[in-house]
Every structure is written in C-alpha cells, then in structure tokens.
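Have the model open as you read.

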Amino acid sequence: MAEEEPDYSSIPLTERAVHKIWKVRKGAYEEAAKQFESSPDESDACFTPWMMDPGLWDKAVKDSNVAAQQEGVAAYCAFLQYGGQSACLRTRGHCVGSLVEKCLSSTRAATKGKATEALLLLVELDTAAPVMEQLIPYLSHKMAKIVAVTATAITNIYAQFGAKTVDPKPVLKVFPKVFGHADKNVRAESTKLAIELYKWLKEAMKPIFFDELKPAQQKELEEAFEKVKDESPKPERLLRSQQAALAAAEAAGTAADAEAEEEPEQLDVFDLAEPIDINSKLPADFEDHVASTKWKERKEALDALFIVLNVPRIKDGQYDHIIRPLAKCMKDANVAVVTVAANCIEAFANGMRKSFAKYKGIVLGPVLERLKEKKQGVIDALTKALDAVFVATGLTDMLEEITEFSKNKNPNVKLETIRFLVRCLRNTRDFPTKMEQKQIADTSGKLLTESSAPIRDSAAEAMGTLMKILGERAMNPYLEGLDDIRKTKIKEYFETAEVKAKEKPKPPPPAPVAAKGPPKKVLGKGLKAPGKKLAPAGSSASGAGGAPPTSKLAGPKGGLKLQKKVLAPGGGNAAPVASPKRALPPKAQSPVDDEPAPPPARSGLGRGLAGRPLSKEPPMAAPVPRVDPMAAADKAELEELRSERERWEKQSRDANADKTRMMQEINDLQLQNAQLIEEHTRDNLAIRAKEAQLVRARSDAESAQEEVAKQKREIDRLKRELQRSVRPTSPAPTDISEHIMNGLSRDTGRSNSNSRSSNRLSYASTSISGEEKDNGHLHADRGSAMSPPLRGSSESGRASSAGGENIESWKRAAEVTSQLKMRIEQMKAKQGMSGRGGSGHY
C-alpha cells in the first residue's frame, strides 16, 4: 500500500516556496498566483510577505525544477501585474538577471514567454532605463546563447514600447561588437534588433554605428532597411504613467484630443549622439592663423575648424573665441574664406541646437549683410548657415534682424532676406503673435512695390505663406489697399504653401460658479438680511438654495416689493424696525402678483422680524440670475490687469528689441574695433618698413657723399700733380703749327734721314694726343706723354738741319700740322674747351 503524501498546507506560503520538494514549491507558486489575482487592490495583505523578502522571487525564477520554475515565473508575472509599481521597484534588482540567465534560455516555450512578459511588466510599471541597464551587459556575455536571447528580449521591448519611450543610445553603442560576434544566431538576432530600431529611427541611427560594420553586413542591413523604410510603427503598450496621462486627457475633452492628434517629432542623429567638447580638439594656433594677413592661412585654419565642428552633437560651453572670428570672417575679401566660415557657422548651429541661441546676435547680422555677394556658391553656404541658426533659435528671435535687413539698399540682400523669411514661415511650429503678424505683413507689403520682379514675387510668397498660417479671414486686414493683381498673386502662393505652424485652440471658459457665501450669512443672521438691500438680486438669489420650487413665482416678486417699501422711509438701516403688518398690504395690492402671500407670513405678525421663520426667505431668493456687482467689479479689475499685462508685455518686447539692437551695435563696434586694431597694426608694420628703407637710403646717401668727396679730393690731387708736372717741363706752345714752323726753320739743312725720323715722332705724338682728346681724358700723364715727342722733334730738327735741308719733309710736316689744327677745332666745338687749355694740353 502506497504511503499517503503529507499535507503541507499548514506551512506558511513563503516557507513552502523554498521547500526542498519541488512539488511543494510548485503548489506554493500556484496558490500565490491565485491570491494575487483575487486581491482587491495593491495594498492587500497577500503581497506583503513577498515584498518583504524579494529574494523569494529570485529563487522562484531560478528554480532547479523546470515545472516549478514555469509556475514560479507565472506567479511572478501575476505579482507584478496586480502588485503595481511597488512590486516592481522592490523586486526588479533581484530578478532581471535571473530571468535572462535561467528563463529566457529555458527549453520550455511557456517559461520563455512568461519571462519576456515579466520584463515587459517591469518596464511598464516604472520606466525602461533601469531594466535596460541590467539587460545590456548581457549582450557581452561569454555564452552566445545568453547574448542571443538578450537581443531577442530587447527587440521585444522596442517593438512593444517604441524607441521614443526606451532610449536607443545604449544599444546602438554596442551594436558593432554584437555584429562582430562569432555565433551566427547572435548576428541574426542583432540584425532583427537593428531592423526594429530602424523602423523607429530611420536614417538617424546609421552615423552611430554603421561605419564600423563590415561591407557585407552593411549591404545586408541596407537591403533589410529598404523593405521596412515605409513603415511607421506605433507603440503597442504604454507605461503606467502614460496610461494615467492618457486617461486624464480623455477626461479633459477636446483640448486633449487636439494634443493627442499632434505627432511627436521623429528622433534624429542629434538626439542619439553624445555631446563632444570642441575646445579640447581645437588647434592650438587657430586664433593666430584665423587672424593672419594671408588668406591661405585663414582658410586653412577654418578648414581645420570645420573638421572639428562636423560632429552630430556639440557640448554646450563657452565658444566666444570661435564665434567672433567666424563673424569677422563674414567681411573677409576672399570668398573662399567666407564660404568656409559659413559652413562652420552651420555646423556649429546644427551641433548645438537651442544652446546656440546665445550666439545668434553675433553671427546673424554679418551673415545677412554678406548676402550682397553675387556668387551662387557663397549664397548657398550663407543660406544654409541662416537656416541652421533659425532651427536653433526661432522666428521670434530673428524677426527684428529680418525686418531690418529687408530695408537694405542692396537688392540682393533684400531678395535673400525675404526668401529667408519665407523659409522661416514654412518651417516654424510656433504660431506668430498679433504683433509678429503685423510686422511680417508690413515688411512683406513694402517689398511688393519693389522694381525687381524676384523681390516682388518673394514678398508675395511671404504674404501667401503667412495667410496659410493665419487663415484668409485673419489676413484680410493686411491685404487692404493692395490691387487685384497682387492679391491674386498672394492667393496663388497661399494655395500652394505648406506650413507646420497651427494655432492652438483656446481652452473653453470655465463655467460660472454661483457665490454661496452671502446666503449662508443671510440664513445664519436673519435680522441682518433686510439690511443688505443694495444687492437686490445677488444676495436674495443666493439664499434660495433650500426653497421649494412652488414658491419661485410669488417669492421674488413679493420680496422685491417688500424691500422697496421698507427702504423708502428710512433707508437701509430702518428695515429692522418695520413690522410685517406694514409689509403685507403692498403685497396684496400689487397688480403683478399672481398668488397671495404664503400663510407663514401671517403666523408671525405679533413677533416682529425676529420671529419670522427662515423658510420665508427662500421664496424671496429665486429671481432670474442677475449680474453680481462684485463679479462686475472683479471683471473690471481683470480687464484692467489684462491691459496692464499687455502693456507690460509690450514694454518687455520693446526692451528686448532695444537690447537686441544694442547688442548688435556692440557686436558691430567690437568688430570695427578689431578691424581698426588690425589696420593700425598693419599701418605700424608698414611705417616700420618705410623707416627701415629710409635708414638704408640715408646710409647709402652718406656713403655716396663720402665717395663723391673722395673723388673730388682725388681730382684735386690729380690737378695739382698735373700742374706740378707741367711747370718743370717745357709748356706746350699756344699753336703747335708755329712751334713746328720754328723748328723747321732752325733745322734747315739737316739730313733727310733725321728729318724723316723727326716727322715720324712728331706725327705719332700728335696722333696719340688727338685720340686722347676724343675720349675726353684730361689727365696730367697725357701732357707729359706729349712733351718727349716735342723734345725729340726739336732734337730731330737740329739733327736734320745739321744733315741738310729737305723740302719734301717740310711740306709733309705742314700738311700734318693743318690736319692737327682742324682736329683741335673739332674737339673744341665738342667739349667747349678754351683755346688756351686745348693748346696747353696739346
């Protein structure tokens, strides 16, 4: 006979949950699940022992017996579902790891399903971040099976709650490592997870991890992404906090419905990327190179800066030392520098978004002013920079500058400014205020009369886009005074315009609440009720809370008549003295009354007003609702406060506009100051260079003067030497022909051989002297060179006279003399020499 199993029902449930027999544990889990399902609320006593000892659930989900484990996970799901947020917070830290390691990898499908449901409940009851923090480390687990099931669980979480509820950034960071896993199952589950995230994030997720994958994996993912790129998923489950908010919104009515219709903005790469500190990566010589006088160095510095700025997200910080040089580069004469600076401003604005608003006043004015450039490449870079600044700030912050530069004298600045306004109106999500509407309409309306057709068309497009935002009826006041042609043009742009701004519906006014304070005072203090005759309808009507409906016709009329009769003789303070006997006849004589006075009024004739029953007052307090003077006073005060608020807002806007203008002027003055400092430095360098050149010129001049003085001294010395050399020797005769003739007469009869010798010597001497005079040389050595031939000539003459007379030689000497005389005359005419000097030199 088989032994009967002992009864374990007397053992407490928590002790049975850790019993050594698996059937006992299994029964305990089943019984606990039933208790949770039948509990009335989250504070029921059945949850207390399990919350006091969260380790019980850790043991339950890790149970060594698969059957007991299955029931344990099911009990844990029931505990979370009915135990609420407290059950989640107390047990989340103990059970997530066990669910991943022991349940998700189980061979039983029911266990896997319940474990996944438990993870989803843990996310739903609170937030997803704590659960994801515990799941992501398991993507790096040493066991491939654990990694695969973890990826599957994360995929289910994103599929149920969406990437807007569950932050995808921690998962995207570990994608490259998971895709590089050796196990094919892990890579397959990672691909499914990537596809699920792509449904929510689209192209914004690629810059985070896509470049780190292998080309084959990139190709595979691209093909998979192509299949789901048109899907627009919606979350299938909401957090408990979202469910409560949705329930409250549904109870609120139409306003909540309008808010629910608005689709949330799609996440982009900025939301997913980690912020990067630019200052740590900025080149050390950036400020020196960007202020260089060489445009190539400035462009190289800006190119290096653009590489640093070209990141998805920039950390918020102080970047004035970068923004101000970029604004200054907008005035650079080189268009290549301007283009790169505009690209840097665009990258800065895209990387900082809302944090860039504090630098708007520095860069917006210079960029708008540079729109005068005619090269399309520069214009494109500037417009992209303006669009990025608009995304970072908004239309309200930029409207003052747009209005100012739309009045610029340069037509290109006007055209590009109004085109920029059109783009702002298309993309803004903020409905413009009344003041902004008028400002935009006035700015665009003035440009409708421009002589340039593109400016007129852009202005009409701006008016049409504004009409699309406001509506035709609200735009009518701004179209008054325009001709039909312009109105038709505006209507054409209105029909084709696409805008994102929508006017939010005004909340319905609250229902008026009747004041219930005064009637309580009337009921509590019956003697003072007639004294409050100055509030004819408000106080009386408020006291009719307990009046029967049958007294609504007679009560108000009789009560009002009574009050008027009492007030006539003695005013408001005489009412307590009046008797009911006096109040009754006017009530009976009144032609308006349809019913007689109620009987309770007569029962108290001898007791005065103090003896009148309180039930008589309600019929007097049921007139048609009238305006309470206090409510009117409050309304007047409210209107006054509203006007005061509008006046204050206008003053605030004016102050902000003045502040913006002053900041712009300060920025302009700072830029001008920097430019003047640069020009001053450049002028100083030029002056120093000129001074150096002047010093060198002076030194050269002094050296030349010294050289001239030296040459003069040398000339004087040579002159003295010439004079000294001429005096001891025989001076040259005034006329060489006379000298020759005298020599010939004395030497008559000399030999022919000596005469030929003399002639040759004399001819050679004169030839040498003539050639030297042609060259312009007047040195002393020439005079000395001439003397020996003369002496030789005289000696030869004496020798020829001793040898005999030769008439042939004389004739030849005469011819030579005449030739020499002619040559001397020519030299005198050329050089302007004196006759004495020429003959003396000869």
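Helix α10 covers residues 184-201, and its 18 residues should span 26 Å at 1.5 Å a residue; the end C-alpha atoms sit 25 Å apart, so the two agree. The expected span here is 1.5 Å times one less than the number of residues, and helices are DSSP runs of H or I with at least four residues, numbered from the N terminus.

This is a predicted model, with local features needing pLDDT of at least 70 and side-chain atom pairs counting only at pLDDT 80 or more, while totals for chains, interfaces and linings use all residues. Residues are numbered from 1 along each chain as its sequence is written, and side-chain values use heavy atoms, leaving out hydrogens and water.

**Around α10**
- α10 is mostly covered, with 13 of its 18 residues buried (under 20% relative accessible area, 1.4 Å probe, protein chains only).
- At the helix start, D183 brings a side-chain oxygen to within 3.0 Å of the backbone nitrogen of N185.
- Just after α10 comes K202, with a positive phi of about 60°.

**Positive phi without glycine**
- Most residues other than glycine have a negative phi.
- K202 is not a glycine, yet its phi is positive; it lies in the loop between α10 and α11 (206-209).
- K202 counts as buried because its relative accessibility is 16%.
- R353 isn't a glycine either, and its phi is positive at about 55°.
- Look for R353 in the loop between α19 (335-352) and α20 (360-369).
- R353 has 25% relative accessibility, so it counts as partly exposed (between the buried cut-off and exposed, which is over 50%).

Note on methods:
Helix = DSSP H or I, 4+ residues; strand = E, 2+ residues; numbered from the N terminus. Polar contact = N/O pair within 3.5 Å; in protein donor to acceptor, adjacent residues only side chain to side chain.
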